[in-house]
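This briefing concerns the aromatic side chains of one protein model. Please consider the sequence and structure shown below before reading on.

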Amino acid sequence: MDIIISASNALSKWMQLTLPRLPSPDGKRIGTQPLSTGFAQVAWQCHVQEHGNKRRLRYHTVIAVEAYSRYAILLPFTQPPTQVELENVLLERWGNEALQLALDSGAINDDELPLMADCFATQACHTRWVNNTDLSINGHIADAGQWLKQTLAHEGMEYLDDNHCYGLGMHINQLNKTVGGQRGKAFRPMIRLLDDALFRFGAGLAAATHPDN
């Protein structure tokens, strides 16, 4: 399975990364190519949001949104991580949250959880980083960023720790989303992520077919 981590210009600059661009078949939309998740690939669009008192320590939250489900994961940092650190944290959160959704939904039971966790952990993966911003996913990142900004202001806080980021992410991922404008069919990211995880790691437990089918 290929994993694409697409870093925005802001994230690339913050982490001091020099990354390749996604190839453009027609020579257009360079740096803004669309991302897709499919049978053998999962793509994440990632961006960083800075916050905190401008006169004191600045904090950063990386917002990662998966291409198919539009599922958002918020990752707090006080300093730029390395590529390996961000990659490991993102994939760990993806696995943990997908497994928790599978268990909470009743799709798997306590006895099946270790089997699904083992399948996730042993999946052969090849990760590729690119400097790119999928504009359709960027709208969902902006929405998550606005939720973060409003939560910080409401709570009178300068940053959210891991637990608060997880809680805010759960709230965001339960909200109805659309792709392709107002005419798009509404869906909930957490349901899509659960279906995809069951397909990939649930050994036939998925209740619905994969979007490629």
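Is phenylalanine 199 buried, partly exposed or exposed? In this predicted model, phenylalanine 199 has a relative accessibility of 27% and therefore counts as partly exposed. A pair of aromatic rings is described by the distance of the centres and the angle of the planes. The structure contains 7 aromatic pairs, and two of them are described here.

**Pair of phenylalanine 39 and phenylalanine 199**

- The ring centres of phenylalanine 39 and phenylalanine 199 are 6.0 Å apart and the planes stand at 70°, so this pair is edge-to-face.
- Because phenylalanine 39 belongs to the loop between α1 (9–14) and β2 (41–51), while phenylalanine 199 belongs to helix α6 (residues 189–201), the pair ties together parts that are 160 residues apart in sequence.
- With 59% relative accessibility, phenylalanine 39 counts as exposed, whereas phenylalanine 199 counts as partly exposed.

**Pair of tryptophan 94 and phenylalanine 201**

- For tryptophan 94 and phenylalanine 201, the centres lie 5.9 Å apart with the planes at 65°, so this pair is also edge-to-face.
- Tryptophan 94 is in helix α2 (residues 83–104) and phenylalanine 201 is in helix α6; the pair links distant parts of the chain, 107 residues apart.
- Both tryptophan 94 and phenylalanine 201 are buried.

**Cluster and charge over a ring**

- Trp44, Trp94, Phe120 and Phe201 form a cluster linked by ring pairs.
- Arginine 192 is placed over the face of phenylalanine 187, at 3.7 Å from the ring centre.

Technical notes:
Residues are numbered from 1 along each chain as its sequence is written. This is a predicted model: local features need pLDDT of at least 70, side-chain atom pairs count only at pLDDT 80 or more; totals for chains, interfaces and linings use all residues. Side-chain values use heavy atoms; hydrogens and water are left out. Rings of Phe, Tyr and Trp (its six-membered ring) pair if their centres lie within 6.5 Å; planes under 30 degrees apart count as stacked, over 60 as edge-to-face and the rest as tilted. Helices (H or I, at least four residues) and strands (E, at least two) are DSSP runs, numbered from the N terminus. Buried means under 20% relative accessible area, exposed over 50%, partly exposed in between (1.4 Å probe, protein chains only). A charge sits over a ring if NZ of Lys or CZ of Arg is within 6 Å of the ring centre and within 35 degrees of the ring normal.
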